[in-house]
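Welcome, and please take a moment to look over the sequence and the model below. The briefing that follows walks through the fold topic by topic.

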Amino acid sequence: MTSPLRAAVIGAGAISLEHLPFLQQSERANLVGICDLSPVSARIAARRFDAEAGYTDLAHMLRQALPQVVHVLTPPHTHGPLVRLCLEAGAHVVCEKPMAATADEAQELLTVAATNKVHLVENHNYRFNDEVVALKALIEQGRIGDVCEVDIRMALQIRGEGSRFADLSNIHPIHAMPAGVLHDFVTHFAYLLNELSGGADWQRVSAAWSNHGGGELFKFDDLDATLIGPNGAGQVHGRIRFSCRTSPDVFSVTVRGTEGQASTDIFHPFLEVLGPRPGGEQLTPIVNHIVNGTRLAGAGFRNFGQKLLQHGPYHGLSRFLDSTYEALQADQPPPVTPQHIMAAASLVDRLLDQEARL
Ligand SMILES: NC(=O)c1ccc[n+]([C@@H]2O[C@H](COP(=O)([O-])OP(=O)(O)OC[C@H]3O[C@@H](n4cnc5c(N)ncnc54)[C@H](O)[C@@H]3O)[C@@H](O)[C@H]2O)c1
């Protein structure tokens, strides 16, 4: 068994509660430090997740704890200098998305990683969720034919009462990013579109960014984007839709192909596949209803089972971390490569480009 890697975390906020249980339990990692600007947060997290020590200064943690891997889990506008410091100290970095505000900044950090001969990985966790893995497998098996459309839709009450993005007494730093609050989500949309379209070369991009709710705080609260480009087998249409006005909260992903279509919802996991009937026969309307109803009931049971197993939307994150640590231990490239990171960051840039604005 390869020896565990010395791991540390900077940023003991909400998302750390998804990283730290992995680091506490994994045989691939020894949690040597947790750093946060708040000494109380650092101390409590260190005690709760059995870290060797808590810190309030990253440079101090890097010198004293000598981590081989650092997870950067602070708000996006802080990532650049923190990631750079870790890479220059010779540590691999797992950085939360969005790693950088622009593709140029992402490229600069990847260059620092390459210069220091360490890996820099952005968290693309939803690629590792069961349903997305299953969608990818269906595509690769040719079950839905050539991919023609990928449709991603998120509805989330970011302006609702209780949303931390809408709190005027404590302005969330994400508002300073180029896409404002939507920058918290677009990286997910971009890597999912790239992955499920079979790496389409998005030659035509148009994006309507709106602030339907108005006011100064939100740059945008709505996105409606269309992308078109070839993927080798033909032209693919991509669609991104974000709304904070529709209910309930959803994160649906649908892939349509020449032979069928498959859909899932990452917030309410299920997988529905509509394809040619076995044997290729058209069924009578009544038999069609029975077959479709049985299929939906099955999806409902599976969804309920997932809820019982507490298989929440973040279940892909520990799988992403495990495969990243496995690769680092074996001195192999991690599963999220610089190419994945740059393809997603460039797509976000394209969506924000004034020329693409509707
Ligand atoms: N992958 C996902 O699905 C997912 C989900 C939620 C959040 N995120 C990302 O995770 C990152 C953090 O989000 P969050 O919701 O956990 O934020 P948060 O505000 O809950 O926590 C951030 C923590 O970082 C600390 N911090 C800030 N600057 C620091 C610094 N310079 N040094 C040390 N500590 C510092 C803060 O004190 C705070 O405890 C963001 O990039 C966000 O987009 C990713």
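Helices (H or I, at least four residues) and strands (E, at least two) are DSSP runs, numbered from the N terminus. With that in mind, the protein chain has 10 helices and 13 strands. This is a predicted model, in which local features need pLDDT of at least 70 and side-chain atom pairs count only at pLDDT 80 or more, while totals for chains, interfaces and linings use all residues. Residues are numbered from 1 along each chain as its sequence is written.

**Overall size and packing**

- The C-alpha atoms of the protein chain fill a box of roughly 70 × 50 × 40 Å, taken along the principal axes.
- The radius of gyration of the protein chain is 21 Å, which agrees with the value near 21 Å for a compact globule of 358 residues; this radius is taken over C-alpha atoms, and the globule rule is 2.2 Å times the number of residues to the power 0.38.
- Of the 358 residues in the protein chain, 40% are buried. A residue is buried if 20 or more other C-beta atoms lie within 10 Å of its own, exposed if 12 or fewer, and partly exposed in between, with C-beta atoms placed from the backbone.
- Among contacts in the protein chain with a separation of 6 or more, 67% are between residues 24 or more positions apart. Two residues are in contact if their C-beta atoms, placed from the backbone, lie within 7 Å.

**Two domains**

- The protein chain is divided into domain 1 (5-122) and domain 2 (130-277 + 351-356), with bounds that come from an automatic or database domain assignment.
- Between the C-alpha centres of domain 1 and domain 2 there are 28 Å.
- Where the domains meet, six residues of domain 1 are in contact with eight residues of domain 2. On the domain 1 side, the touching residues are four nonpolar, one polar and one charged.
- For these classes, Ala, Val, Leu, Ile, Met, Phe, Trp, Tyr, Cys and Pro count as nonpolar, Asp, Glu, Lys and Arg as charged, and the others, Gly among them, as polar.

**The nonpolar core**

- The largest nonpolar core has 102 residues, and Ala8, Ile34, Val93, Leu120 and Leu193 have the most contacts inside it. Such a core is a set of buried Ala, Val, Leu, Ile, Met, Phe, Trp, Tyr and Cys residues joined through C-beta atoms within 7 Å.
- Helix H7 (residues 183-196) gives the most to this core, with eight residues.
- Both domain 1 (5-122) and domain 2 (130-277 + 351-356) supply at least three residues each to this core.
- Not counting residues up to four places away in sequence, Leu193 touches Val150, Ile152, Leu227, Gly238, Ile240 and Leu347.
- Val70 sits in strand S4 (residues 69-72) and counts as buried because it has 29 C-beta neighbours inside 10 Å. Leaving aside neighbours within four places in sequence, Val70 is in contact with Ala8, Ile10, Cys86, Ala91 and Val93.

**Around the ligand**

- Which residues come nearest to the ligand? Of the 21 around it, they are Gly11, Gly13, Ala14, Ile15 and Glu96; a residue is near a molecule or strand if its C-beta atom, placed from the backbone, lies within 6 Å of it.
- The shell around the ligand has nine nonpolar, eight polar and four charged residues.
- Ala14 lies in the loop between strand S1 (5-10) and helix H1 (16-25), and with 9 C-beta neighbours inside 10 Å it counts as exposed.
- Ala14 and Glu161 are 147 residues apart in sequence, with 19 Å between their C-alpha atoms.

- Most residues other than glycine have a negative phi, and most peptide bonds are trans.
- The peptide bond from Lys97 to Pro98 is cis, with omega near -15 degrees; Pro98 lies in the loop between strand S5 (92-95) and helix H5 (103-115).
- Another cis bond runs from Ser247 to Pro248, with omega near -10 degrees, and Pro248 is in the loop between strand S10 (235-243) and strand S11 (250-257).
- Asp50 is not a glycine, yet has a positive phi of about 55 degrees. Asp50 is found in the loop between helix H2 (39-48) and strand S3 (54-55) and counts as exposed, with 12 C-beta neighbours inside 10 Å.
- Asp331 also has a positive phi, near 60 degrees. The place of Asp331 is the loop between helix H9 (315-329) and helix H10 (338-352), and its 8 C-beta neighbours inside 10 Å make it count as exposed.
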